[in-house]
Amino acid sequence: HFWEILLFLLCLFSSKGTSLHGEIDQPSPTDRYNYLQKFYDLKMGTSKSGRQRNSSLVTEKLKQMQEFFGLKVTGKIDADTLNVMKQPRCGVPDVAQYVLTDRTPRWEHTHLTYRIENYTPDLPRADVDSAMEKAFRLWSNVSPLTFTKIFEGQADIMISFVWGDHGDSYPFGRPANTLAHAFLPGRGIGGDVHFDEEKRWTNFNLYYVAAHEVGHSLGLGHDNDIGSLMFPSYNSYRDVLLSQRDISAIQALYGPSKNPIQPGELQVPRACDSKLTFDAVTTILGEAYAFSSGHDLRSLAKFSWSIFWLTGSKYWAFNADQMVRGYPKDIYHSLGFPQSVKTINAAVHEDETGKTYFFVANEYWRYDENTRSMDTGFPKEIAHGFPGIGKQVDAVFQEGGFFYFFHGKRQYKCDPKTKQILTLLKTNSWFNCRSK
């Protein structure tokens with residue numbers, strides 16, 4: 001029976017997704033099965049009648065997973081589905097918790113203790129302590145919960161770094177991309193957090209992973225909103241912040257914070273501030289958006305809208321007013337960047353030529369939409385390719401056949417054909433600001 005099931009799985013998952021630059025390193029057939037089994041409660045039959053139902057069960061679970069992640073719901077293995085499966089993630093299921101009780105999981109008391117049982121050798125102990133302290137503080141800031149670290153005895157939340165099959169029926173390594181898991185509130189193992197020691201923790205943001213797992217320890221499940229801290233996939237490119245959905249979820253269990261000092265809000269930039277600088281500029285549905293310190297500032301100008309949204313080593317694609325399903329994708333397999341590129345500062349698409357320019361540190365790359373590959377001879381230095389705009393670019397967009405580069409408090413109107421600077425403008429020139 002074992003070999004029959006294994007042969008079935010190998011045939012079922014034999015197709016491999018490919019990228020623009022060759023084959024993607026995808027989860028093995030066994031890992032794909034384990035993914036659906038662990039995170040979507042797939043149960044395969046071993047009898048003759050059970051084996052006949054396996055194909056339809058896999059299809060059903062694939063559809064469930066695709067719907068959760070906002071992918072195209074086909075019930076078939078495709079490149080976007082495989083891309084999600086291989087992303088590092090939390091080990092808690094997406095459709096069923098590690099259930100210890102049939103009631104709503106929450107702690108009956110609000111003064112909780114935690115203990116770090118052991119430390120990973122990958123990081124200094126002080127760094128681990130700091131990551132855990134900040135993770136608990138993130139949740140205590142928006143709820144009546146308080147957390148006290150203890151150094152011996154049994155705590156409400158026991159934290160440990162463990163290997164493989166560590167005795168809780170949820171071993172690491174199957175599938176291989178899980179970073180950690182946590183248990184819902186309860187006695188015994190309830191509330192405990194386990195990190196996979198087999199992972200090299202210098203490659204991951206421990207604070208981010210811990211903050212997510214503490215959410216489970218307090219009673220929260222996974223959220224299918226990519227902006228939520230409780231989204232199951234590891235998002236190395238985002239800040240460790242609670243979304244409003246996270247805050248509403250924890251307050252639904254425990255109520256609002258009793259502390260009058262709430263987490264500070266980001267200072268909202270003023271569009272006509274002479275010192276305004278932009279982190280990014282894009283165009284969506286004919287309107288220009290400039291982003292500064294995490295806030296968006298919308299101008300009244302009408303433009304053709306953009307195709308890419310870049311964050312760190314990930315990018316999204318837009319189609320009219322909808323984000324294209326299957327994103328984000330990484331810039332390595334899809335666009336051909338080397339692993340040495342960790343983040344992209346700005347990008348702009350030239351409609352006439354089908355070229356997309358990517359600006360990384362003091363260099364820029366050019367991608368050809370027609371050949372779906374990077375042009376040869378790149379990267380080139382920004383100072384040489386676009387003389388006059390400086391060595392780096394904060395943001396860029398195209399309008400009327402011209403590129404508008406942003407660097408600091410300056411904006412440069414550039415002709416992409418001649419690479420000449422035509423006009424020097426203030427950053428906020430697109431807003432209706434009165435001169436002073």
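Where does UniProt place the feature "binding site" in this chain? The unreviewed entry puts that feature at A347 and V396; such annotations use the numbering seen here, have shortened names and may be inferred rather than shown by experiment. Although spread over 50 residues of sequence, the two cluster in space, with a largest C-alpha distance of 6.4 Å.

This is a predicted model, in which local features need pLDDT of at least 70, side-chain atom pairs count only at pLDDT 80 or more, and totals for chains, interfaces and linings use all residues. Residues are numbered from 1 along each chain as its sequence is written, and side-chain values use heavy atoms, leaving out hydrogens and water.

A347 belongs to strand β16 (residues 346–350), and V396 sits in strand β21 (residues 395–399). Helices (H or I, at least four residues) and strands (E, at least two) are DSSP runs, numbered from the N terminus. V396 is buried, at 2% relative accessible area; buried means under 20%, exposed over 50% and partly exposed in between, using a 1.4 Å probe and protein chains only.

Now for an open sheet. Its six strands come in the order β3-β7-β8-β6-β4-β5, with mixed pairing. Two strands pair if DSSP finds at least two bridges between them. At the edges, β3 (89–90) and β5 (146–149) each pair on one side only. Strands β4 (residues 111–116) and β6 (residues 157–162) run parallel and are joined by three bridges; Y114 has I157 as its bridge partner in β6.

Contact means heavy atoms within 4.5 Å.

| Helix | Strands it lies across | Angle |
|---|---|---|
| α5 (residues 125–140) | β4, β5, β6 and β8 (193–196) | about 160° to β4 |
| α6 (residues 206–217) | β3, β6, β7 (178–182) and β8 | about 35° to β7 |

Let's look at α6 in more detail. Twelve of its twelve residues are buried, so α6 is largely enclosed by the rest of the structure. Among them are Y207, H212, E213 and H216. The buried residues pack against β3, α5, β6, β7 and β8. At the start of α6, a side-chain oxygen of N205 comes to within 3.1 Å of the backbone nitrogen of Y207. After α6 comes G219, with a positive phi near 120°.

How values were computed
Axes fitted to C-alpha atoms, helices over the stretch in contact; angles between N-to-C directions. Polar contact = N/O pair within 3.5 Å; in protein donor to acceptor, adjacent residues only side chain to side chain.
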